[in-house]
Structure formats: structure tokens, C-alpha cells
Amino acid sequence: MFFLKDLGFQLNDSKSILDRDVWSWNGSVEEHFQMLQEERARLDSLERRMKGMKNIFELENELEVPVLFN
């Protein structure tokens, strides 16, 4: 089960995988891969926003609330 955790599978997902009589590596790996791509896109977006906020703060020494929502 630890190898599934190392691949980023959640504990509930790992248990479900190991409890199945028949399990498709291809289907589970593809589904997990898609989830990782979506998470990477979300984190990339968050990183860009944080860099923008950091740049504004460095230039203006403050962050105004309207800027945070743009």
C-alpha cells in the first residue's frame, strides 16, 4: 500500500484499490494522472497569482483589498 501513497493516492483510494478482486492498473493510473494534471494547473495558477501579489507588494509596499480580488 505504501507504493500507492508514494504515487499520491489517498488512503481511501488505496484501500478501495486493494479491496477489489479485479483491478485495472491502466484505468486507475489514468484517472490519477488526470487528477495530478488538474492539481498542477491549479497550483500553477495559484503560484502566478502569488507572484503577482508579491510583485505589487514589493513595488508599493502594500496590498490594497481591490487588488487582491483582481
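What you see is a predicted model, in which local features need pLDDT of at least 70, side-chain atom pairs count only at pLDDT 80 or more, and totals for chains, interfaces and linings use all residues. Residues are numbered from 1 along each chain as its sequence is written, and side-chain values use heavy atoms, with hydrogens and water left out.

Let us start with the overall build. The protein has four helices and zero strands, so its elements read α-α-α-α from the N terminus on. Here helices (H or I, at least four residues) and strands (E, at least two) are DSSP runs, numbered from the N terminus.

Now follow helix H3 (25-60). How far apart are the end C-alpha atoms of H3? They are 52 Å apart, which agrees with the 52 Å that its 36 residues should span at 1.5 Å a residue; the expected span is 1.5 Å times one less than the number of residues. Just after H3 comes Asn61, with a positive phi of about 60°.

Next, look for open space. The largest pocket has a volume of about 220 Å³. A pocket is an open set of points on a 1 Å grid over the protein atoms alone, where a 1.4 Å probe fits, with protein on both sides within 12 Å along at least five of seven lines; lining residues have an atom within 4 Å of a point. The volume is the space filled by probe spheres set on the points. Helix H2 (11-19) and H3 each give two or more residues to the lining of this pocket, and H3 gives the largest share, five residues. Among the lining residues are Gly8, Phe9, Asp13, Arg20 and His32.

Is His32 buried or exposed? His32 is buried, because its relative accessible area is 9%, and buried means under 20% (1.4 Å probe, protein chains only). Leaving aside neighbours within four places in sequence, His32 is in contact (heavy atoms within 4.5 Å) with Leu7, Gly8 and Phe9. Across the protein, buried residues make up 9% of the 70 residues.

Note on methods
Buried < 20%, exposed > 50% of the residue type's maximum accessible area, 1.4 Å probe, protein only.
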